[in-house]
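Hi,

Here is the structure I promised to pass on. Have a look at it first, then read my notes below.

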Amino acid sequence: MTALNIFSALIGLIIYPFVIRATGKEAYGTYVYAFTIASFFQAFVDYGFESPCAKAVVLAKDNLLERSIIVSIFFYLKSSLAGVCSTIFAICTIFVPFMHNHVTICFMTFVQLLANSFFPVWYFQGTKKMKYVTYINLAIRLGTVPFIVWLIQSPADINTYAFIVMISVILGTLVSYICLFFDGIRLQRVNKRQLLSLFNESTPFFITSITSSMKGLTVKTIIKHTLGIGEVAIYDLAEKIVAIPRFFTRNINSALFPEVVSNATAKRVQRILKYERIIGICTAAFISLLSYPAVLLLGGQSMLDAVPVTILLSIMIYAELCSGAYINFVFIPTNRYYLITTNQIISFISCIITAFIGILIWKNIIMVTIGVIISGIIEVLFCFYAEKKITV
């Protein structure tokens with residue numbers, strides 16, 4: 001699972017210098033902002049189904065029929081939400097100025113993320129069968145590279161770039177369902193009670209996901225309207241550099257989840273937290289040391305403002321590791337989903353308040369980034385406090 005995310009990010013970084021130089025940071029910033037808007041809609045389609053479904057698959061690993069029912073419930077709910085969100089998205093392209101002016105690229109990023117939303121990574125995670133789907137998806141991603149190098153030549157080609165990425169994600173999702181078929185999964189009839197059960201169980205995760213998406217969209221909107229669309233590309237480059245080690249660290253908790261969720265003792269969780277704190281600090285230090293050459297290599301001289309942003313965002317790896325461990329190994333096993341929701345709401349509010357105050361003090365992208373960092377630290381503090389209350 002880690003390999004899938006890391007190599008996908010590596011492929012993105014390999015083609016990034018070519019794309020950013022061919023299209024320019026203004027056109028690429030437009031793509032990033034359209035992608036962020038689409039991510040907000042994706043959060044509604046996802047609706048937090050992944051964690052409850054992964055847990056259910058782990059518990060039903062020896063029951064093929066039960067796994068088929070879980071996949072069926074997931075697919076039916078996703079399809080319904082996708083239809084609703086597609087309608088709302090289409091209406092927004094008429095009335096929202098940015099979406100109306102860039103309707104093509106907004107549509108393609110939306111379809112890309114819609115296809116990604118249907119990708120059942122949680123199933124392969126729960127059944128520990130990530131290997132084959134990883135190989136196939138990496139092959140698809142590598143296959144896009146020649147087309148990008150061949151077809152992307154100027155800012156006018158940014159829509160072509162979005163189209164190529166969209167097609168690769170659609171193919172990857174189709175392949176994942178073929179893998180499900182060969183694993184014996186078949187769509188089953190499900191009743192209303194089963195649908196409502198997953199829907200209700202996923203609601204706290206949905207609130208967490210939508211809050212996170214709102215935070216990302218709000219941060220980039222603040223940057224866009226106060227500093228310009230080019231600064232959105234600066235922030236995106238910093239996120240991309242942090243992405244590879246972040247994929248690795250995020251997947252530590254995801255990979256441990258099937259093993260730990262059935263035996264999440266306090267001693268075991270504390271041991272995991274101890275090692276993850278060390279990993280977080282070392283990873284942030286490593287990113288900070290390589291931030292300048294990485295930005296220079298990927299973006300060139302015109303993108304050097306991304307260096308301090310990269311250093312600051314590296315702190316989020318520590319915060320996400322710690323809060324992720326509390327969520328996966330304390331809150332989920334004890335069914336305290338409301339703590340996950342509360343944590344994300346507090347994080348979102350603190351991020352927006354500190355980012356707004358920061359931009360008023362100094363109109364610079366660094367102040368917005370500091371707001372993001374503060375929200376991450378607050379997440380960890382809340383989790384620490386909540387875990388102590390549970391223990392007591």
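Let's start with charge: the protein chain has 29 positive and 17 negative charges, and their mean positions lie 6 Å apart. Lys and Arg count as positive, Asp and Glu as negative, with His and the chain ends not counted; each charge is placed at NZ of Lys, CZ of Arg, CG of Asp or CD of Glu.

Some ground rules: this is a predicted model, where local features need pLDDT of at least 70, side-chain atom pairs count only at pLDDT 80 or more, and totals for chains, interfaces and linings use all residues. Residues are numbered from 1 along each chain as its sequence is written, and side-chain values use heavy atoms, leaving out hydrogens and water.

Now the fold. You'll find 14 helices and zero strands in the protein chain (DSSP runs, H or I of at least four residues for helices, E of at least two for strands, numbered from the N terminus). The C-alpha trace spans about 55 × 45 × 40 Å along its principal axes.

What about the inside? Of the 392 residues, 54% are buried (under 20% relative accessible area, 1.4 Å probe, protein chains only). The largest nonpolar core has 74 residues, and helix α1 (residues 2–46) gives the most to this core, 17 residues. Apart from it lies another core of 28 residues, including Y47 and F119. A nonpolar core here is a set of buried Ala, Val, Leu, Ile, Met, Phe, Trp, Tyr and Cys residues joined through side-chain atoms within 4.5 Å.

Cheers

How values were computed:
Buried means under 20% relative accessible area, exposed over 50%, partly exposed in between (1.4 Å probe, protein chains only).
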